[in-house]
Amino acid sequence: MGKIITKNEYKQNIKSILKQENKIVVLCHGVFDLIHPGHIVHFEQAKSYGDILVVSVTSEKFVRKGPGRPYFNDEMRMKFLQSIECIDYVMLSEGYTVDDIVEVVEPNIYVKGEEYKSPEDDITGKILEERKLVEEHGGKIKYTQGQVFSSTKLINTAMNGLSDDVRLYMENFKSKYSMKDINDYVRKVSNLKVLVIGDVIIDKYIYCSVQGIMSKDMGYSARLHNTEEYFGGSVAIARHLADFTPNVTLMSIIGNEEDIRLSMFDKFVDKINLKLFYSNKIPTIIKQRYLTKNKKRDEYRKVFAINNIPDKLGYESDIKLKFVERLEEIIEDYDVVFLCDFGHGLVDEEIIKIISKKAKYLALNCQTNSSNKGMNLITKYERADIFTLDQNELNLAYPSYYDSEEVKFKKLSEHLGGSKGWLTRGSLGAWQIDGNNICSCPAFTLSVKDTIGAGDAFFSLAGIFMAAGCELEIGTFMGNIGGALGTNIVGNKESIQKVNALKFASTLLNI
């Protein structure tokens with residue numbers, strides 16, 4: 001049996017022998033994306049604490065350092081470790097935490113680097129939990145000492161892990177802000193009371209493979225693989241925000257479908273306060289998208305889409321009245337209102353007037369889609385504290401061949417009362433505006449699975465950090481992180497988790 005083993009092999013063939021021989025087992029755990037001198041010193045010190053050194057590696061699908069990481073796959077990283085003389089066994093950890101390995105190995109000593117000694121500096125918030133689990137299994141934690149190197153920094157710089165434009169942007173950003181600044185605002189965000197208002201949308205993804213064109217018609221012929229449903233629209237935005245603050249309320253009107261209502265409460269009531277009203281006239285919006293997968297690039301292409309949006313929008317007057325009355329009662333209790341206007345009938349002139357007048361801080365996103373193109377322009381608003389939109393939405397709001405994108409962006413900011421905001425530009429990143437000053441931030445990843453929901457993720461993170469009082473550049477930075485993470489989530493299957501966003505921020509700042 002070689003050094004690289006499975007958890008089951010260790011449990012069945014090795015563990016009992018080591019215990020019989022009274023061997024002191026030491027465990028080290030990490031991503032170990034690029035082995036450097038700091039790792040060698042760390043492993044040698046760890047081995048000196050006992051007889052047997054086990055090193056576990058986080059499987060690539062559980063690495064949370066942002067898109068494109070780890071740089072090396074599981075097999076390569078384990079082979080690197082296998083070649084180090086002081087290491088006795090190498091195994092793969094299949095989870096976001098080290099729990100699975102600790103429960104199998106039950107180390108006498110669990111070793112971390114000195115940089116993990118202070119729990120308050122731990123981005124994941126897991127060090128204390130790891131210590132508790134190790135102690136429950138009869139072990140203790142020790143910390144190695146020595147010069148701290150960084151695989152992430154080496155990959156970002158020496159190995160071009162970041163593109164030139166991202167690296168230049170981050171060098172400038174790092175000269176002004178640090179991870180401590182980000183964490184300080186994370187704590188402020190956690191105290192905010194947030195009200196999210198907007199349409200609930202169910203995204204139904206139908207996965208298939210296109211076989212070709214029908215032999216007797218002009219449509220596609222495809223083989224069905226599987227179907228998944230995700231809650232999108234305002235629910236997706238509320239979910240992103242709920243991972244950063246426990247005080248999120250979602251207010252919306254949905255159809256009277258009992259299965260949808262029960263599903264929403266079952267999935268989200270623990271993290272989101274749901275204030276829902278029910279229409280007997282208008283169904284909950286369902287958007288069905290047919291997708292094929294590019295297996296080589298792990299990305300999806302949409303072939304066709306249908307929806308159930310009625311030709312004539314408009315909820316019953318009594319339901320709308322109850323919604324408006326409740327909104328007026330509670331809106332001033334919240335520190336920030338996220339208005340998610342998808343143009344599907346919920347947000348009308350009366351609601352706009354109430355929110356514009358009474359919201360303490362207004363984060364605005366007004367979207368264009370195939371069912372409302374030209375009918376749901378952001379210029380119907382006259383106030384926002386911050387806003388986001390994309391290039392298509394800006395051009396619809398200011399349909400001029402002669403004005404540049406910069407001119408249109410400035411016009412919109414001025415129209416919204418001099419509001420700060422962002423223009424998302426896909427692979428080109430995003431622009432931020434503050435008065436007449438427009439600055440650009442590059443896209444933090446060009447690795448894309450699905451763009452649906454990326455704009456909502458940008459809006460959520462940028463908006464909540466700005467509501468906490470951060471500088472516009474930090475809002476832009478966090479928004480771009482949200483967008484980058486969002487493009488690597490299919491639809492709205494998952495929310496942007498705080499730990500993932502902070503891990504990615506730490507990766508980008510490590511240059």
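These notebook entries record what I looked up in the predicted model above.

**Ground rules**

I worked on a predicted model, in which local features need pLDDT of at least 70 and side-chain atom pairs count only at pLDDT 80 or more, while totals for chains, interfaces and linings use all residues. Residues are numbered from 1 along each chain as its sequence is written, and side-chain values use heavy atoms, with hydrogens and water left out.

**Entry 1: the parallel sheet**

I took helices (H or I, at least four residues) and strands (E, at least two) as DSSP runs, numbered from the N terminus. I counted two strands as paired if DSSP finds at least two bridges between them. In what order do the five strands of the open sheet stand? I read the order as 3-2-1-4-5, with parallel pairing. Strand 3 (89-93) and strand 5 (140-144) stand at the edges with a single partner strand each, so one side of each lacks a neighbour in the sheet. From one strand to the next, the twist averages 30 degrees.

I then looked at one pair in this sheet: strand 4 (residues 109-113) and strand 5 run parallel and are joined by five bridges. Lys 112 has Tyr 143 of strand 5 as its bridge partner.

For directions I used axes that are lines fitted to C-alpha atoms, for helices over the stretch in contact, with angles from 0 to 180 degrees between N-to-C directions. Helix 1 (residues 7-20) lies across strand 1 (25-30), strand 2 (52-58) and strand 3, and runs at about 140 degrees to strand 3. Helix 2 (residues 37-48) also packs on the sheet, where it touches strand 1, strand 2, strand 4 and strand 5; its direction makes about 135 degrees with that of strand 2.

I found four strands in an open sheet of order 8-7-11-12, with mixed pairing. Its edges are strand 8 (220-233) and strand 12 (299-307), each with a single partner strand, so one side of each has no neighbour in the sheet. Direction ignored, neighbouring strands of this sheet are turned by 25 degrees against each other on average.

Strand 7 (residues 200-213) and strand 8 run antiparallel, joined by 13 bridges. Within this pair, Ile 206 stands opposite Thr 227 of strand 8. Helix 9 lies across strand 7 and strand 8, at about 55 degrees to strand 8. Helix 10 (residues 258-268) touches strand 7 and strand 8 as it packs on the sheet, and its direction makes about 65 degrees with that of strand 8.

**Entry 2: His 240**

Is His 240 buried or exposed? I applied the rule that buried means under 20% relative accessible area, exposed over 50% and partly exposed in between (1.4 Å probe, protein chains only). His 240, which is placed in helix 9 (residues 234-242), has a relative accessible area of 3% and is buried. Leaving aside neighbours within four places in sequence, I listed its contacts as Asp 456, Ala 457, Ser 460, Glu 494, Ser 495 and Ile 496.

**Entry 3: two helix pairs**

I classed angles under 35 degrees as roughly parallel, over 145 as roughly antiparallel, 65 to 115 as roughly perpendicular and the rest as oblique. Helix 8 (residues 179-189) and helix 16 (residues 472-486) pack at about 85 degrees, their axes 12 Å apart. They are therefore roughly perpendicular to each other. Asp 181, Ile 182 and Tyr 185 of helix 8 make the contact with Ile 474, Phe 477 and Met 478 of helix 16.

Helix 11 (residues 317-330) and helix 12 (residues 349-358) pack at about 0 degrees, with axes 11 Å apart. This pair is therefore roughly parallel.

**Entry 4: the hairpin**

Strand 17 (residues 430-434) and strand 18 (residues 437-441) run antiparallel and are joined by five bridges. Gln 432 stands opposite Cys 439 of strand 18. The hairpin has two residues between these strands, and Gly 435 there takes a positive phi near 70 degrees.

**Entry 5: cysteines**

How many disulfides are there? I counted zero, a disulfide being a pair of cysteine sulfur atoms within 2.5 Å. The sulfur of Cys 340 is 11 Å from the closest cysteine sulfur, that of Cys 366, which is too far for a bond. For Cys 470 the closest is in Cys 441, at 13 Å, again too far. Cys 340 is buried at 0% relative accessibility, and Cys 470 is buried at 7%.

Terms used:
Contact = heavy atoms within 4.5 Å.
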